[in-house]
Amino acid sequence: MLNTLRNRTFRHLFAAQLVALVGTGLATVALGLLAWQLAGADAGLVLGTALAIKMIAYVTLAPVAAALAERLPRRAFLVALDLIRAGVVLFLPFVTEVWQVYVLIFVLQAASAGFTPAFQATIPDVLPDERDYTNALSLMRLTEDLEQLLSPILAAGLLTVVSFPVLFGGTVAGFVLSALLVVTVALPMRAPAEAGQFWASTTKGIRIYLATPRLRGLMVMELAVAAAGAMIYVNTVVLVQARFGLGGSQVALAFAAFGAGSMLAAFLLPRLLDRLADRPVMLGGAGLMVAGVAVTPLMPGLVALMALWAVIGFGFSLTQTPIGRILNRSARPEDRPAVFAAQFALSHACWLVTYPLAGWIGANAGLSAAAITLAVIGAAGLAAVLRLWPASDQTILPHDHPELPLDHPHLTEHEKQHAHSIVIDDIHRRWPKAV
């Protein structure tokens, strides 16, 4: 896995991701404290609204940002968004009204909606070998899980010697250092976007997604992931403190167990994916998550819950880590940013549904009802995957093009009836059936 760091470009991009993640983790802690300072007992409402704003920005703006990214130099685009994020965070310590927090969070997450898919789409161009790319995906997944464990600890240590607004300074430093690291590398060139086709570029990723069977399956699998993840992120604190009567440190232990399970899967995945295809691995992970949420009401105490959360975390990583491989083989290099943006938007649309659902049902009908409801949603998503994503997921399909003239360059190259690796593009607008 660490061999991928020998590639200088990836090493710098990975370091950029790492420092930005740490900065974001510090901002998460600081934002909670800022909400408490501004709203007191209503801090939860402020944070919930901020989270909803984040998801709305991701869902609505990621495809637009991808269309813009096609028309701008890749490195300059990433650096500019890092600096925008740094500039927004710089204002957060000085806000005095809750509405100002909401405005700044929207701008911050709008920049992230552009940066994250563009960054993810760059990695397969930097590491074209699939084994190297798989190792990179696992390494980045491992880093994200580790950051969730270490950033709160780092923030707690800093808060013993500084006040919480200083944490925002750490976030600014993380984004600025990320921009500097991106500046130090030359990123692979990509084909320029077609002039005057901005709306087509905005919707291109969604169109490719909906026309590709494995991507349609991936889309509903994200519903299963979001259902299980919402139970973890929304209701862990209620389970530990209200049901078990424990404190904040035990909440941290439960989250740590989830992260540990995810890290273990990320560590094992490169070897696992050498032996198995992506689909069964991801289905197995989703099945673990759904089953884990379904048995949550039976957990008698913290130790059992931590073991279950580790299992769900293991399944979470099994489903999330291979996504880049699926997207990579489902689009032309020039279309990858649009497809990664579509994945980013559609997956967060699922979270936008399950987050409030987990909280509302848990508060009004109880945690057991929330767990069962989310498990049913996850199981429905899993069943839909089996229908939408064929087990024989062929990439090379025999097909023809009756709509093309006989002198079309594609037919000149391939003959009228032919077989090759299929991705949705201007020539292949529909997924072909075998002829």
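Predicted model: local features only at pLDDT ≥ 70, side-chain atom pairs only at ≥ 80, totals over all residues.
**View 1. Helix 8 packs against helix 10.** Two packed helices are described by the angle between their axes and the distance between the axes. Here, helix 8 (residues 213-243) and helix 10 (residues 278-294) meet at about 35°, and their axes lie 9 Å apart. The crossing of this pair is left-handed. On the helix 8 side, look for L218, M221, A224, V225, A228, G229 and M231; their partners in helix 10 are M282, L283, A286, M289, V290 and V293. Sorted by type, the residues of this contact come out as twelve nonpolar, one polar and no charged.

**View 2. A nonpolar patch sits on the surface.** Five names to find here are I84, W99, V103, F106 and V107, which together have about 450 Å² of accessible area. Helix 4 (residues 98-126) supplies the largest share of the patch, with four residues. V107 is found in helix 4.

**View 3. A salt bridge joins R131 and D274.** Side chains of opposite charge can pair when their charged atoms come close. In this pair, the closest N and O atoms are 3.7 Å apart.

How values were computed: Residues numbered from 1 in each chain as written. Heavy atoms only, no water. Axes fitted to C-alpha atoms, helices over the stretch in contact; angles between N-to-C directions. Helix = DSSP H or I, 4+ residues; strand = E, 2+ residues; numbered from the N terminus. Left-handed = near helix turned anticlockwise from the far one by under 90°. Contact = heavy atoms within 4.5 Å. Nonpolar A, V, L, I, M, F, W, Y, C, P; charged D, E, K, R; others polar. Patch = residues over 30% accessible without salt bridge, like charges linked within 9 Å, V, L, I, M, F, W, Y side chains within 5 Å. Areas by Shrake-Rupley, 256 points an atom, 1.4 Å probe, with all protein chains shown as cover. Salt bridge = Lys/Arg side-chain N within 4 Å of Asp/Glu carboxyl O.
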